Amino acid sequence: MANKHKIAEPIYQKIAIDIAAKIAAGKYKVGEKIYGRSMLAAHYAVSPETIRRSMFMLQDVGIVAIESGSGSTVLSAERAAQLVGRFRNISTITELKKNIETLSAQQKKQQDDILANVHHLLEYIEKFRLASPILPYEVKITNECRFLGKMISEINFWQSTGVTVVAIRKGEQLIVSPGPYALFEPGDVFIMVGPEDSHSKVQDYLYKI
C-alpha cells in the first residue's frame, strides 16, 4: 500500500510565528498585554494547551513574558521580527519539505523513499547542531511512558539523555524538527539521533521507574 505520511509544521509553532508577526507589525505594542489563553484558543480554534506551548516558545526567545493568571506582556518587537524572518528565510529546509510532500501526494511511494528525503532534511538541520550527524532511530511512545502529556523541555530530555528528537510520526503525519514543546503522547513514534549507546539510555529514561 502506498505511504500517506504528510509533513506538517507544528500548530503551536504556526501560531507563535503569527503572533510574532503581529508584534513585529505593531498590532501588539511593547509593554502591551496579549489576551489570555482562552481568548487566543478561541481565535485560533485550538486548545488552551496549544496556546500555552506557543507562548512558551515566544517567551524562550525573549519576545513576551508570561505572567500567571494575567496573560503575557510584549517585550520586544525587534526579536519578533527576527523570529519571523528566520522562519521565512530557511528556504532550503522548506524546499526539502515540499519535495517530501510531493513524493507522498503525487507518487505515493513506499516509506523508504520518503524517509530517504527526510534523512536529507535531517542532515541539513544537523549542520547547525554541535552533535555528530548519525542515522536516526525510532522509539515508540506507549502508555507505560512515565512522561505522557509532558513537553520535551519540561523533562530536560536532551540534558538527561544527550539525544535530539528530529522528527515525530503521528499516524500518517510526520512532524520534522518538532522542537522542545512537543508532547509525549501514546502511539507517537519519536525519531532521534544521539550517541551510540543512546537507544538504551532513552528507553531507561522514558520507562524505568
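A residue is called buried when its relative accessible area is under 20%, exposed when over 50%, and partly exposed in between (1.4 Å probe, protein chains only). The structure is a predicted model, in which local features need pLDDT of at least 70 and side-chain atom pairs count only at pLDDT 80 or more, whereas totals for chains, interfaces and linings use all residues. Residues are numbered from 1 along each chain as its sequence is written, and side-chain values use heavy atoms, with hydrogens and water left out.

Seven salt bridges are present in the structure; the term denotes a side-chain nitrogen of Lys or Arg within 4 Å of a carboxyl oxygen of Asp or Glu. Helices (H or I, at least four residues) and strands (E, at least two) are DSSP runs, numbered from the N terminus.

One of the salt bridges joins lysine 22 to aspartate 18, with 3.4 Å between the closest N and O atoms. The two residues are four apart in helix H1 (residues 11-24), a separation of about one helical turn. Lysine 22 is buried at 16% relative accessible area, while aspartate 18 is partly exposed at 30%.

In helix H3 (residues 48-60), glutamate 49 and arginine 52 lie three residues apart, about one turn of the helix. Their salt bridge has its closest N and O atoms 3.0 Å apart. Glutamate 49 is partly exposed, with a relative accessible area of 28%, and arginine 52 is buried, with 16%.

A further salt bridge, 2.8 Å from N to O, connects the side chains of aspartate 188 and lysine 170. This pair links distant parts of the chain, 18 residues apart: aspartate 188 lies in the loop between strand E7 (173-176) and strand E8 (189-193), and lysine 170 in strand E6 (residues 164-170). Aspartate 188 is buried, with a relative accessible area of 5%, and lysine 170 is partly exposed at 27%.
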